[in-house]
Amino acid sequence: MSTGTGTVSAPAPKTTHHPRSSSMFSSLRIRNYRLFFLGQAVSNIGTWMQRIAQDWLVLSLTGSATAVGVTTALQFLPMLLLGLYGGVLVDRLPKRPTLLVTQAAMALTALALAALTITGQVQVWHVYVAALAVGLATVVDNPARQSFVTEMVGPEQLQNAVSLNSANFQSARLIGPAVAGLMITGVGTGWAFLFNGLSFVAPIAGLLLMRARELHAVERAPRGKGQLREGLRYVSGRPELIWPIVLVGFVGTFAFNFPVYLSAFVDDVFHAGAGTYSLFNTLMAVGSVAGALLAARRGTARLRVVSTAALLFGLIEVVAAGAPTLWMFAALMIPLGLFGMTINVTANTSLQMATDPVMRGRVMSLYMMVFLGGTPIGAPLAGWITDAYGPRAGLAAGGAVAALAAGVIAVVLARTGGLRLAVGWHHGHPSVRFVPRERREELAAAA
């Protein structure tokens, strides 16, 4: 419970998992969450359409992968600079009214960019300003949405709801890029921006139709001094929170710069067009949906799953960097999407389950800050490496950093948890795994 000064006296939950959900879609039985889910399903399609259109518009205006990286950086720069302050606000504010404001702000930004593009007045600096404006809204919107899930479904359905949110977002990735590719080649990028602006009607309507009495009451942090520092101290003292955040920071900063990598591969390596760029994004979404649905069925959110998925994700990126043909590269987008989504969902759920509710906004804002806020550093760097040394070098470098970080942090988490590496035989096969110290001695004696 929080005190009058905003400090937290109750210990955080010790576990990072909860009982298995009754079914893959169990949280959809809850009316408020169902409204939220349906509203996001429409809006997410528009979001993916705008992402594709925005990247392609910048590339067509400038011909530079670095400019695409700058656009991406501007969209995530506010999260890097202001993310923690956004978390403090979210812990103080009621989540549903806050989301109504942020969703409306992003809708107006998309509509303004649509008007400029359709009328032929758009310049690259207009896109930069729009990306920055969306980023400012995201500073509050992201942690508010993450925290609001618990209020809609309660702790028992949290992992299922988080996983379905991710499946929702990635399912839209199957539709949005494909529609955006057709729209860009048929009528122009401005209409994709227009669709995105209008799509925000759905989540706003869903929020307005929710029954407040059916929301789970969550204590809000009182206004007080030092709440940002309090949040940082809270995270730094808990290995189950700090190390997953560090890992997703490395992965998000260096390996998730797909707007830069994929647009450069399409343009410079395979010499294709917007349709191929949309195809790559669509195939990655197929893997992401699979990863999210598998997480929805999974009964736990273990940290070892996060580090293993990050290691495989990085290694597959390195392999994709050397893919000799377009179709081989495209096929690797599916496992990249699967393991990328596994990292995101499992880290997200484990953090929420291990965090005191009154601190959740600050913890999730820190998570989003390092995952998305690292992009202003990583995206321009990835764009510079791609322009200077080629797309293959840029993608390989990002994958190598992610794999190395995953390996190092896996060892740190194992040592923190009192685990040791055990090498032996398991069911007649060679086995390399982390086990408790006492268990390792038993395995060694048995071998």
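Is Phe265 buried or exposed? Phe265 is buried, with a relative accessible area of 0% (buried means under 20%, exposed over 50%, partly exposed in between, with a 1.4 Å probe and protein chains only). This is a predicted model, in which local features need pLDDT of at least 70 and side-chain atom pairs count only at pLDDT 80 or more, while totals for chains, interfaces and linings use all residues. Residues are numbered from 1 along each chain as its sequence is written, and side-chain values use heavy atoms, leaving out hydrogens and water.

**Aromatic pairs**
- The structure holds 16 aromatic pairs (rings of Phe, Tyr and Trp, the last by its six-membered ring, with centres within 6.5 Å; planes under 30 degrees apart count as stacked, over 60 as edge-to-face and the rest as tilted).
- Phe265 and Phe270 make a tilted pair, 6.0 Å centre to centre with 40° between the planes, and both residues are buried.
- Phe265 and Phe329 are stacked, because their ring centres are 4.4 Å apart and their planes at 15°.
- This pair links distant parts of the chain, with Phe265 in helix α10 (residues 258-269) and Phe329 in helix α13 (residues 326-353), 64 residues apart.
- Phe329 is buried, with a relative accessible area of 1%.
- Tyr33, Phe36, Phe37 and Phe148 are linked by ring pairs into a cluster.

**Charges over rings**
- The charged end of Arg51 sits over the ring of Trp48, 4.7 Å from its centre (CZ of Arg or NZ of Lys within 6 Å of the ring centre and within 35 degrees of the ring normal).
- The ring of Tyr234 has the charged end of Arg238 over it, 3.9 Å from the ring centre.

Terms used
Helix = DSSP H or I, 4+ residues; strand = E, 2+ residues; numbered from the N terminus.
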